[in-house]
Amino acid sequence: MAEICPRCGLPKDLCVCDVLDKETEAKIKISTKKAKFNKFVTIVEGISADDIERTMKSLKRILACGGTYKDGYIELQGEHKLNTKNALISIGYKDTNIEIV
Ligand SMILES: [Zn+2]
């Protein structure tokens, strides 16, 4: 007997609830914080691990700034929340999934 998903009532192998959860969770958050020497960094959270390196490289190129990525987030030198959002949209991320905090 196949297991039945309690949310949609479909057998587990047909159920897509987990996939839908992932998609709705795929919110990208852009924030800034103060780093060393009173400089700001822009933090981009919510990029999937598969895309994070490529996305970081694109952002660095578009924004012409330094940057790095760590566990689950991208850190860009400087304060550019709005430009980061526009850059993400220009490389294919959905406007509605990007939140500036
Ligand atoms: Zn389900």
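1. **P11 and the leading segment.** P11 sits in the segment that precedes α1 (17-25). The model is predicted. P11 has 12 C-beta neighbours inside 10 Å, so P11 counts as exposed. Setting aside neighbours within four places in sequence, P11 contacts A2, E3 and I4.

2. Take T42 as a reference point. P11 and T42 are 31 residues apart in sequence. In space, their C-alpha atoms are 43 Å apart. T42 itself stands opposite L76 in β4.

3. **Overall make-up.** The protein chain has 3 helices and 5 strands. Along the sequence they follow the pattern α-β-β-α-β-β-α-β. The radius of gyration is 17 Å, whereas the globule rule gives 13 Å for 101 residues, so the chain is more spread out than a compact globule. The C-alpha atoms fill a box of roughly 60 × 25 × 20 Å along the principal axes.

4. Of the 101 residues, 14% count as buried. Consider contacts between residues at least 6 apart in sequence: 41% of them join residues at least 24 apart.

5. As a general point, strands of a sheet pair through backbone hydrogen bonds, either parallel or antiparallel.

6. **β1 and its two partners.** Strand β1 (residues 28-34) runs parallel to strand β5 (residues 98-100), and 3 bridges join them. β1 also runs antiparallel to strand β2 (residues 40-45), here with 6 bridges. K29 shows both pairings. K29 stands opposite E99 in β5, and the bridge partner of K29 in β2 is E45.

7. **The β1-β2 hairpin.** β1 and β2 form a hairpin with 5 residues between them. Which residue in the turn has a positive phi? F37 does, at about 55°. Elsewhere in this pairing, K34 stands opposite F40 in β2.

8. **β2 and β4.** On the β4 side, 5 bridges join β2 to β4. These strands run antiparallel.

9. **Nonpolar core.** The largest nonpolar core has 10 residues: I28, I30, V41, V44, I47, L59, I74, L76, A87 and L88. β1, β2, β4 (73-77) and α3 (81-90) each supply at least two residues of this core. In soluble globular proteins, nonpolar side chains tend to be buried together.

10. Leaving aside neighbours within four places in sequence, I47 contacts I28, I52, T55 and I74.

Notes. Residues are numbered from 1 along each chain as its sequence is written. This is a predicted model: local features need pLDDT of at least 70, side-chain atom pairs count only at pLDDT 80 or more; totals for chains, interfaces and linings use all residues. Helices (H or I, at least four residues) and strands (E, at least two) are DSSP runs, numbered from the N terminus. A residue is buried if 20 or more other C-beta atoms lie within 10 Å of its own, exposed if 12 or fewer, and partly exposed in between; C-beta atoms are placed from the backbone. Two residues are in contact if their C-beta atoms, placed from the backbone, lie within 7 Å. The radius of gyration is taken over C-alpha atoms; the globule rule is 2.2 Å times the number of residues to the power 0.38. Two strands pair if DSSP finds at least two bridges between them. A nonpolar core is a set of buried Ala, Val, Leu, Ile, Met, Phe, Trp, Tyr and Cys residues joined through C-beta atoms within 7 Å.
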